[in-house]
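Hello,

Here is the structure we spoke about handing over. My notes on it follow below.

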Amino acid sequence: MAETKLKTFNISSLQIKEKLNKLSVPNELFDIKENDLDAEITISELASAFDIKNAVIALRENIYAEESISIYARLSWLLKLRCRKLKTIEQGSGGLIASKLSLQKESELTLDSGIVFTSNTFIVDNYSIQPSTITSFGLASREIISEITKNIESSTKVDICVVTLAELEESDSKPYAFAHAEQGCAEIAIINKSDIMTKQIKVPFKSKTKIMNYLAKLTCFMIIEQLK
């Protein structure tokens, strides 16, 4: 039997090993390479079909692909398969979702458009958000994401639209800054036709780059789960 590949997200290598141990799957048959909670697991050709099945069962909540493929390539393939186009409005993920999807061969069929913003004034000017709402609750808050999604739902005609917001700095000197902003607090919204999913999270990383990378991949993972 040839080697088998599994790609997982939002689970550490230690957690992967713990889950495999609970099902008595031999760890020596699994080579785990993980970077910031994005992992590729190579299952030895010596593993039995029973071992592979148990591994998939143990990790099913975190698996996004059963081949060596990036999370962006997997999402692009699924969007094409489901005949869906994606629009992104990114602050928390810094435009990474749109930029990564634009590099995929299916991009003309899967990516509608991408908006990246860094200033709080953008959502005040474009999504009817009151400055006082930002100063009272913060950019990455349930109140802001709710207002933005209402605006998008009534105005956009694209199949799927995502919004990412995050507090990227401890002390923020931007207009309408929230005095109690906590770095790494984030909000994700996915508008899939009439269905709206929002998720409030605390990113498990501190650097701005890692926060953006994590949010981009988590958003992609959430869309993949919807499209499976």
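The largest nonpolar core has 39 residues, and Leu-75 and Leu-86 have the most contacts inside it. A nonpolar core here is a set of buried Ala, Val, Leu, Ile, Met, Phe, Trp, Tyr and Cys residues joined through side-chain atoms within 4.5 Å. Buried means under 20% relative accessible area, exposed over 50%, and partly exposed in between (1.4 Å probe, protein chains only). At least two residues of this core come from each of E4, H3, helix H4 (96-102), strand E7 (160-166), strand E8 (185-192) and helix H9 (208-227). H9 gives the most, with 12 residues. Helices (H or I, at least four residues) and strands (E, at least two) are DSSP runs, numbered from the N terminus. Another core, of 19 residues, lies apart from the largest one and includes Tyr-127, Ile-145, Val-163 and Leu-165.

The model is predicted: local features need pLDDT of at least 70, side-chain atom pairs count only at pLDDT 80 or more, and totals for chains, interfaces and linings use all residues. Residues are numbered from 1 along each chain as its sequence is written, and side-chain values use heavy atoms, with hydrogens and water left out.

Helix H3 (residues 71-81) is largely enclosed by the rest of the structure, because eight of its 11 residues are buried. Among them are Ile-71, Tyr-72, Arg-74 and Leu-75. Just after H3, Cys-83 takes a positive phi of about 60 degrees.

Asn-62 lies in the loop between helix H2 (49-59) and strand E4 (63-65). Asn-62 counts as buried, at 9% relative accessibility. Beyond its neighbours within four places in sequence, Asn-62 is in contact (heavy atoms within 4.5 Å) with Lys-7, Thr-8, Phe-9, Asn-10, Ile-11, Lys-19 and Phe-221.

Regards
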